[in-house]
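Hi,

Here is the structure we talked about. Please open it alongside this email, and then read my notes below.

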Amino acid sequence: MSIMNRSKFGFLEVINILVILYLMLPIFIIILFSFNTTSAAMFPMAGLTTKWYGEVLRNRNFLAALKNSVLVGIAVSLISVVIGSMTSFALTRYRFKMKTVVSFAVLIPITLPPIILGIALLSFFSLIGISRSLATVIISHVLFCAPFAVLIMNSRLEGFDISVEEAARDLGASRSQTFRYVTFPLIRPSIIGALMLTFAISFDEFLVTFFIIGKKNTLPIIIWGMLRRGVSPVINSIATMVLVISMALIVIVNRYAKLKTLRF
Amino acid sequence: MKKQKQHIYLLSPLFTYFTIFFFAPLFILFIYSFWRTTSTGLVPTFTMHNYLYIFSKKLYPIIILKSVRIGFITAVICVLLSYPVAYSLTFKYRRMQDFVLYLILISLFSSYLVRVYAWKTILGHNGLINQLLKYIGIIDEPLSFLLYSPTAVVITLVFIFIPFTILPIFSSLQNISVDYIEAARDLGANTAKTFYKITLPLSMPGVITGFIFSFVLAAGDYVTPQMVGGTEGLMIGRIVQDQFGLTYNWPFGSALAYFTIFLLVVLINLFIWITRMLKLRR
C-alpha cells in the first residue's frame, strides 16, 4: 500500500462511511419496523412484536405467491445455468470470429430497461397467441438470469487449468467420464453459486413479470399490490422476509462463487 | 484454446433462446411502432404517425427530457460517489474489501420493491427525516417537498443503482498494476497528476460501463417515480405502461419506447466521445 500511505481521516473516509450508511440504513429501518407494535413507522417505537409475521404466514395469497415464486425461480435457475454454462464454455475455451460481439450480445438483456423487455414480450406473446401464465414468466426471467449465469461461469472457467482434463484423457477416460469425474467437480461450486444467484434475481423480479403475469401471482406482484394500496403494517414484515431470503441466498452464492470477481 | 466448430453447438441453445424470446419480441415491438390503432384494433401499416405524435403534445417531449435528465443526474451522482469507494477499497482499505463488497452485493440483490418502499418511509410526510428534524427542533411542520418530488426520485434511484457503478469501477481498478502508479510517482508525478494521467484513464472502462448501466436503468425506471415521485416526478416508464394498460395504444407505446432508447443511445455515445476528447481514456 505504498501509493496511499497517508492514514489520516479525510475526504475518502467521509464519502465511504456516508455511502455505506446510505446503502444500509433503509434496509435496517425496514427490518426494525417490521417488529413495531403500531402500524405506523413512528419513533420512538411503541414496542416489539412478531404479530405481523404471524399475520403474513396465515395469509393464503402470500403463501400461494411464495410457492409460485419458488417454482418459477427453480425452473429459471436450472434453464439459465444449463444454457449459460454452455455459452461460457464456448466463450472461454474456443477461439472464433466475432467473439467480442458474441460476449456483448449475451449481456444485452440486462442493459435494457425492464419495462421495454416487458412490453416487447407482451406484444410477442399476444401476437403469436400464447396466453400469459407462469410459463411465460419463466421464459422471460431466463432472459436476464442467463447473462448472470454466464458471468459467474466465465469467472471460474477463465482460470480453469485445462491440463487436468488432458491428463484424464491421456489416462484413458472418455469425454463424458472426463466431464463427470474431473471437470464437473471442479466447476460445481460455481454452478451452485450461479443457481442460487439466478434464483435470487428471478425471485425478486417485478417489472417484466408485471406485464406478462397471468392469473397466478408471484411474490413481488403481491407486494406491489400491497404497496399501492398504501401503508399496511404487514408490508414491513413481508419485506423483511423477502430481504432475509435474498440476503441468505447472496451469502450462500458468495461462498461458492466469489461475486466480486465478476467482470461486467 | 481449440479450433473446432464445437463452440457453435455450445452457443446455439442460448442464442436460439435469445433470438426467439428477446430479439424477435424487440423486433415485433419495433414493427408495432409503425402500426395504427383504430377502434377495432391494431392495423398493420407503415406510418410515422406515432413518432410524429410524440411531438404533437408538449407533455411527451417534456416527460422524455425529464426522464433523461433524472437518469443522467442519477448516473453522474452514482459515478461520483462510487469512484471514491471503489478507489479506497482497491488501494487503501484492502482489508475491508470483502466486507464492504458484501454489503454492496446484498443491497444489489435484495428486493428492489422493498428498497424503493424503504425510501417512502424515510422521506414521507410522517417519515423518519421529518420526525427526526421535528424531534431536534429544526422544523415545526413536516417538510412536504421531501417525498413526491424529482429530488426524492433521484435520491432513491441513486440508492438503487449505485451498486451498478461501484462494481464495474472496482473491477477495472483491480486490473491496474500498482507498478504503473509507482513508476509515475518515481518519475516525479505528484498524487493528483498520477491519478489524472494513470489511474483515471485506466479505470475509465469501468466508469463508462457503470455510467451506462445506471443511466439507462434509472431513466427507464417505473417503480421509483410511482412510489416516491408523485405528479412532479412522473417519468417515461409510466407513460409507456399506460399505453399498454390504460389506453391500449400499443403502437404509440412502442414508438415512445424506441424513441427514448434512441435518445439514450445517442447520449451514451456523446458521453463516450466527451471522455475521449478530454483524453480521459487510453
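**What I found**

B:Tyr148 counts as buried, because 21 C-beta neighbours lie inside 10 Å and the cut-off for burial is 20 or more. Keep in mind that this is a predicted model.

Look for B:Tyr148 in the loop between helix 6 (128-136) and helix 7 (150-174) of chain B.

A:Met98 is not a glycine, yet its phi is positive, at about 65°. A:Met98 sits in the loop that joins helix 3 (60-93) to helix 4 (99-111) of chain A. Is A:Met98 buried or exposed? A:Met98 is exposed, because it has 9 other C-beta atoms within 10 Å and the limit for that class is 12 or fewer.

Next, go to helix 9 of chain B, residues 191-219. How far does helix 9 span between its end C-alpha atoms? The span is only 36 Å. A straight helix of 29 residues would span 42 Å, at 1.5 Å a residue. Helix 9 of chain B also has a kink of about 50°, at B:Met204.

**Chain A as a whole**

Chain A has 11 helices and 0 strands. Read along the sequence, its pattern is α-α-α-α-α-α-α-α-α-α-α. The C-alpha trace of chain A spans about 70 × 65 × 35 Å along its principal axes. Of the 264 residues in chain A, 44% are buried.

I also checked how far apart in sequence the contacting residues of chain A are. Take the contacts between residues at least 6 apart in sequence. Of these, 81% join residues at least 24 apart.

**Where the chains meet**

If you want a viewing order, start with B:Tyr148 in its loop.

Best wishes

Notes
Residues are numbered from 1 along each chain as its sequence is written. Chains are lettered from A and ligands numbered from 1 in the order in which they are written. This is a predicted model: local features need pLDDT of at least 70, side-chain atom pairs count only at pLDDT 80 or more; totals for chains, interfaces and linings use all residues. Helices (H or I, at least four residues) and strands (E, at least two) are DSSP runs, numbered from the N terminus. The expected span of a helix is 1.5 Å times one less than its number of residues. The bend at a residue is the angle between axes fitted to the seven residues ending there and the seven starting there. Two residues are in contact if their C-beta atoms, placed from the backbone, lie within 7 Å.
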